[in-house]
Amino acid sequence: MTDLLYGADEEALRDSVRALLVAHAPWQRTLAGLDDDEPYDAALWRLLVDQLGVTGLAVPVEHGGAGAGFREVAVVLEELGRAVAPVPFLGAAVATRALLACGDAELLGAVAAGERAVVLAVGLATAPDTRPEPVAVEPGPVLRGTVTGVADALPCDVLLVPAADGLYAVDAAAAAVRMNPVVSLDATRPLADLVLAGAPGRRVATGPAATRAVSVALTAGAGLLASEQVGLAQWCLDTTIEHVRTRRQFGRPVGSFQAVKHRLADLWVEITEARAVARHAADRLATGHPETPLAAALAQAYCGPVAVRAAEACVQLHGGIGFTWEHPAHLYLKRAKSGAVAFGTADRHRAALARLVDLAAPAPAGAGGSIGPARSNR
Amino acid sequence: MPEHTADRLRGLVAEFLRTHDPRGDRAGFLRARFDAGLAWVHHPPGHGGLGAPPQLQAVVDAAFAEAGAPDNRPRRNSIGLGMAAPTLLRHATEAQCRRWLRPLWTGEELWCQLFSEPEAGSDLASLRTRAVRDGADWVVDGQKVWTSMAHEARWAILLARTDPAVAKHRGITYFVCDMTAPGVQVRPLRQLTGEAEFNEVFLTGVRVPDAHRVGAVGEGWQIARTTLMNERVAIGGRPLPREGGMVGVLARLWRERPELRTAGLHEEVLRSWVRAEAARLSALRLRQLVAAGAPGPEGSAVKLSFAELNQRISGLEVELLGAEGLRHDDWAMRRPVEPDLLGRTATYRYLRARGNSIEGGTSEILRTVIAERVLGLPAEPRVDR
């Protein structure tokens, strides 16, 4: 049976991550970072990798990892979402899932040791059930093509590039690799457009194995993102509650007005449910359950919109201050809305569920049977 | 005292079954099971239990079911088992527990709940039924409403005002009322589905012995909170498989009748399926929390969600059926023990689901309770205390 709770080890991990983020990633620092040219907080990322070993959590012990798993990865993501931390952990987790599927010992070891950052070179908006447009391969082998909207690419060392005949590892520092930064909705998870102009690659998986590696990695991304969304939504709820308890208008706390209370009560219900859904997805992913794609689709059909509503309520219920650059609410709103598109929108995931649980769409008009008396009258 | 483990409890059940025939006299078997402490294992010895962790109850129930033993018809007795029993165990005297708990558990005596009144529904503490002390008895006068099982119950948990002079939450006392006592009159209350699950209960000069008072005079509201908390858990906490509730009826209809499908309803069906699955997993997580001994306030979320979902899904089903959805099965006055949500027509489900957001606390009140007790938001200004 799916385990929807948090184990003692997971709670201990949460405490460590939260303590580190409280000390090193207050939102004021993240906000100030938006004005720098550095998209990520490199110092923070080093602390997470070196002190807590986050990149090795899901890597088996024989490859130098912690041998924990994706339930633990999900707990880290909850905390990173809560802090809207500008670190490339989600991309690292997705790439790790792809490497596990390929069984590439060399790169898994380097990832676990925190020596090399690996990123799956597909657009952030790619849904698990879509095949990314493959990059062309020429003898060498060298890769030629473009991939747009890749997240977590700018600080990475190795790109995992889906190409026509397999999945290739490409040195991100090669002269033939160009990464053009994009002005992204979510500046704490910036995107880049990749241009591969004959970049040398090493094939890490071929044919169906490569296709499968990409698909399980995207499924993991969709499922894990839900935990980040739960953490984000919980921060928005907590912060809003704190505000409406103390902010007074018309001679009483704003939080004593029923319209405010009921909106927050509904949000709490949704977050309570989103947590169960996200835990379910993390558990399915961790145990390699055959219904992992279903759990991931459910997670993004439900949790993405909940995070957006939480962030929107946070802006709204803070009143004017929620609309300012100085208040962190916009960091959460941008992360939430970007997350609602990442790995496929809720609508795409509902369509995936329609296939997975046999709730087919109506037959197109004219395909027979929709109105014709021959059928409907038996 | 030996430690309680699943193996040990399975051993106790096996031992019990060696000396008691599960196919013999039903009531006798259940009484003996109660006396052996295998009724609700988390209760103390002498009150049907062994003081074991509550999650072992499922082990015991499964072992008895496997042996083909009779159960105590829990669905027929949900108020007694789910609300009266936990309240009595926590607040009643030893003698009261000895008198009431065993026949309650065996189902020989059914219970009902005399709380709500015509003018005290969600604002329950404004109730006006009076209890006046007269020697060793209290004399009760008033009217109660929405009383499930009143026409079959032997006992009722009763809230009555014993001191009209103090603030409304403070002058209430908690009693156990004998439903066969003179002056208790039960009338069916027919509802919009045509049937009558509930009753009106008129109390005219009903004598309740002081020995049937639970807790101190004037402390009834505190005790009622135990009952109400258990009510919400009981409403929302049933385990369901995927598509186990109304959404399963809708999904099967969608699969079996492709000619009814339209694009807009497809979208609605998928959204409802997702929400139903989220609510189901949330209820599952609540049960895992309870089993781990860390129950949170999630019961309120589950209650609120299922009410909204049942209403939305049953409404969709009527529309999906179109012309067929306009045909009802029967408006006959019936007296069901519980609503037949999965057995009857879509129209019945649609109509009965209107009650889901009213019974056991309206959704509006529940949102206020969540906001104030779970989220810690300040109370709205009140003029009644």
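This is a predicted model: local features need pLDDT of at least 70, side-chain atom pairs count only at pLDDT 80 or more; totals for chains, interfaces and linings use all residues.
**The interface**

Contact involves 46 residues of chain A and 46 residues of chain B. The size of an interface is often given as the accessible area lost when the parts come together. Here the two chains bury about 4,000 Å² between them. Carbon and sulfur atoms carry 68% of that area.

| Feature between chain A and chain B | Value |
|---|---|
| Buried area | about 4,000 Å² |
| Salt bridges | five |
| Residue pairs in polar contact (both at pLDDT 80 or more) | 16 |

The largest share, 14 residues, comes from α8(A). By type, this side of chain A divides into 25 nonpolar, nine polar and twelve charged residues.

One salt bridge pairs Arg242(B) with Glu291(A). Their closest N and O atoms are 2.9 Å apart.

**The cores**

In soluble globular proteins, nonpolar side chains tend to be buried together. The largest nonpolar core in this model has 88 residues. Leu264(A) and Trp273(B) touch the most other members. The largest share of this core, 17 residues, comes from α9(A).

Trp273(B) has contacts in both chains. In chain A it touches Leu294(A), Leu298(A), Leu353(A), Val357(A) and Leu359(A). In chain B it touches Arg242(B), Glu243(B) and Val247(B), not counting residues up to four places away in sequence. Arg242(B) is also the salt-bridge partner of Glu291(A).

A second, separate core has 61 residues. Among them are Leu48(A), Val49(A), Ala58(A) and Val87(A).

Methods. Residues are numbered from 1 along each chain as its sequence is written. Chains are lettered from A and ligands numbered from 1 in the order in which they are written. Side-chain values use heavy atoms; hydrogens and water are left out. Contact means heavy atoms within 4.5 Å. Buried area is the accessible area (1.4 Å probe) that two parts lose on being put together, summed over both. A salt bridge is a side-chain nitrogen of Lys or Arg within 4 Å of a carboxyl oxygen of Asp or Glu. A polar contact is a pair of N or O atoms within 3.5 Å; within protein, one must be able to donate a hydrogen and the other to accept it, and residues adjacent in sequence count only if both atoms are side-chain atoms. Helices (H or I, at least four residues) and strands (E, at least two) are DSSP runs, numbered from the N terminus. Ala, Val, Leu, Ile, Met, Phe, Trp, Tyr, Cys and Pro count as nonpolar, Asp, Glu, Lys and Arg as charged, and the others, Gly among them, as polar. A nonpolar core is a set of buried Ala, Val, Leu, Ile, Met, Phe, Trp, Tyr and Cys residues joined through side-chain atoms within 4.5 Å. Buried means under 20% relative accessible area, exposed over 50%, partly exposed in between (1.4 Å probe, protein chains only).
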